[in-house]
Amino acid sequence: MEQEIADSLQTRWLRFLAGEGEHWKVPSPTTLRFDLEEWWKQQVKAAQDLDA
């Protein structure tokens with residue numbers, strides 16, 4: 001039954017996209033509110049400090 005529901009939703013989604021064509025566009029993602037690279041470096045450093 002779950003597969004039937006998933007298949008039905010997929011079919012509806014594809015019909016929607018086919019009907020909308022160029023009128024429907026995926027919204028672009030917003031930028032992060034913080035520097036992900038700097039955050040990642042801090043996380044790695046904290047993990048290394050724990051291992052030391």
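User: What makes the side chains of E37 and K41 a salt bridge?

Analyst: Happy to walk through it, bearing in mind that this is a predicted model. The N to O distance between the side chains of E37 and K41 is 3.7 Å. The cut-off is 4 Å between a Lys or Arg side-chain nitrogen and an Asp or Glu carboxyl oxygen, so the pair counts as a salt bridge.

User: How are E37 and K41 separated along helix α2?

Analyst: They are four residues apart in α2, which means about one helical turn lies between them.

User: Why is E37 called exposed, while K41 is called partly exposed?

Analyst: Exposed requires over 50% relative accessible area, and buried means under 20%. E37 has 53%, so it is exposed. K41 has 47%, which falls in between, so it is partly exposed.

User: How many salt bridges are there in total?

Analyst: The count is two. Besides the E37 and K41 contact, the side chains of D49 and K45 meet at 3.1 Å, N to O. That value is within 4 Å, so this pair qualifies too. D49 and K45 also both sit in α2, four residues apart, about one turn of the helix. D49 itself is partly exposed, with 47% relative accessible area.

User: How do you know that the span of α2 is close to what is expected?

Analyst: α2 has 16 residues, and its first and last C-alpha atoms are 23 Å apart. At 1.5 Å a residue, the expected figure is 22 Å, so the two values are close.

User: What caps the N-terminal end of α2?

Analyst: That is D35: one of its side-chain oxygens lies 3.2 Å from the backbone nitrogen of E37.

User: Why is the aromatic pair of W39 and W40 called tilted?

Analyst: There are two aromatic pairs by the rule used here, and W39 with W40 is one of them, at 6.2 Å centre to centre with 45° between the planes. Pairing needs centres within 6.5 Å; planes under 30 degrees apart would be stacked and over 60 edge-to-face, so 45° leaves tilted.

User: How accessible are W39 and W40?

Analyst: W39 has 35% relative accessibility, so it counts as partly exposed. W40 reaches 53%, so it is exposed. W40 is found in α2, which covers residues 36-51.

User: Which residues form the nonpolar patch on the surface?

Analyst: The patch consists of L32, F34, L36, W39, W40 and V44, with about 610 Å² of accessible area together. A patch residue must have over 30% relative accessible area; W39, at 35%, therefore passes that cut-off.

User: And what does the whole chain look like?

Analyst: The chain has two helices and zero strands. Of its 52 residues, 0% count as buried. Its accessible surface comes to about 5500 Å², with 57% belonging to carbon and sulfur atoms.

Note on methods: Residues are numbered from 1 along each chain as its sequence is written. This is a predicted model: local features need pLDDT of at least 70, side-chain atom pairs count only at pLDDT 80 or more; totals for chains, interfaces and linings use all residues. Side-chain values use heavy atoms; hydrogens and water are left out. Patches are made of residues with over 30% relative accessible area and no salt bridge: like charges are joined within 9 Å, nonpolar side chains (Val, Leu, Ile, Met, Phe, Trp, Tyr) within 5 Å. Accessible areas come from the Shrake-Rupley method with a 1.4 Å probe; for residues, only the protein chains shown count as cover. A polar contact is a pair of N or O atoms within 3.5 Å; within protein, one must be able to donate a hydrogen and the other to accept it, and residues adjacent in sequence count only if both atoms are side-chain atoms. Rings of Phe, Tyr and Trp (its six-membered ring) pair if their centres lie within 6.5 Å; planes under 30 degrees apart count as stacked, over 60 as edge-to-face and the rest as tilted. Buried means under 20% relative accessible area, exposed over 50%, partly exposed in between (1.4 Å probe, protein chains only).
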